[in-house]
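Good morning, colleagues. Please keep the structure in view while I speak.

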Amino acid sequence: MSRILGFGETVEGYAVPVLNEREVRASAGILFFFAMASFMNAWMLGDFRLTRIFVIAFLIDFTIRIFINPRFSPSLIVGRFAVRKQLPEYVGAPQKRFAWAVGWTLAVLMFYLIVLNSVIGPINLIVCATCLTLMFFESAFGICLGCKVYNRFSKEQAQLCPGGTCEVPVRQEIQKIGPAQTLVVIAFLAMIVFVSRNISTPVEAPTLLDAAPATDSAASADCTPPDWAVAMGHAEKWKLHHNCK
């Protein structure tokens, strides 16, 4: 196989093609950062331009990974540079290809919805949340959720998983969580709930939308939030996203 087309590196001592998990996680963290930034920009400001740019970049990046070679993926190249002074951690490439194929499929769907058709609705939130969840688990915990799905559909079980999870190792003492630590987490969460329910919030003055009669455009059918948006408390954000405010 040529040096251009391929998937995974051949390393002596490993039975399957491998990838460097450290650069994979770095790449996932980079993509997660930009995905979250574009998502929040769209959610808070109703501006989907950055989201469209990110979707196009994400689709190109994953197309290169899967159909050409991960070595030429821009985000993986940047990830490799970021962790260049760290010892590589080899993981099996086959399960990563399956996991990335899931991400590529989601990217194609988002490209069709947001870039080509400017669709705004619950399906966007679901797809975006799925992508963010996959990238967050990969970058923060080193957990490849797509790789776990791979084992359920593939006859050949994944090899060389991050952290040796494929071998089901016995947890060492430093990895175990005791009763005291569990109570600390429960007490912490209880405190957060208590604070969130009792912290005072400033009284806001009536907005212009409440004080003034609705404009012709706001009163039109195009600016009437659909039932699903009202049901999920998304009515005001729906108006913002559709330039009704």
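A word on the source. This is a predicted model, in which local features need pLDDT of at least 70 and side-chain atom pairs count only at pLDDT 80 or more, while totals for chains, interfaces and linings use all residues. Residues are numbered from 1 along each chain as its sequence is written, and side-chain values use heavy atoms, with hydrogens and water left out.

As for the overall fold, the chain has 11 helices and 2 strands; these are DSSP runs, numbered from the N terminus, with helices being H or I of at least four residues and strands E of at least two. Their order along the sequence is β-α-α-α-β-α-α-α-α-α-α-α-α. Of the 245 residues, 32% count as buried; buried means under 20% relative accessible area, exposed over 50%, and partly exposed in between, with a 1.4 Å probe and protein chains only.

I return to Trp100. Not counting residues up to four places away in sequence, Trp100 touches Phe7, Leu19, Val24, Phe62, Arg65, Ile66, Pro70 and Leu76, where contact means heavy atoms within 4.5 Å. Ring pairs also link Trp100 into a cluster with Phe7, Phe54, Phe58 and Phe62. Rings of Phe, Tyr and Trp (its six-membered ring) pair if their centres lie within 6.5 Å; planes under 30 degrees apart count as stacked, over 60 as edge-to-face and the rest as tilted.

By this rule the count comes to 12 aromatic pairs. The ring centres of Phe32 and Phe136 are 5.6 Å apart and their planes stand at 45 degrees, so this pair is tilted. It joins distant parts of the chain, with Phe32 in helix α1 and Phe136 in helix α5, 104 residues apart. Phe67 and Trp104 form an edge-to-face pair, at 5.3 Å centre to centre and 70 degrees between the planes. Since Phe67 lies in helix α2 and Trp104 in helix α4, the pair ties together parts 37 residues apart in sequence. Trp104 counts as partly exposed, at 26% relative accessibility.

Leaving aside neighbours within four places in sequence, Asn124 is in contact with Met110, Leu113, Ile114 and Val119.

Finally, the surface. Val185, Phe188, Leu189, Met191, Ile192, Phe194, Val195 and Ile199 make a nonpolar surface patch of about 790 Å². Patches are made of residues with over 30% relative accessible area and no salt bridge, like charges being joined within 9 Å and nonpolar side chains (Val, Leu, Ile, Met, Phe, Trp, Tyr) within 5 Å. A salt bridge is a side-chain nitrogen of Lys or Arg within 4 Å of a carboxyl oxygen of Asp or Glu. Accessible areas come from the Shrake-Rupley method with a 1.4 Å probe; for residues, only the protein chains shown count as cover.
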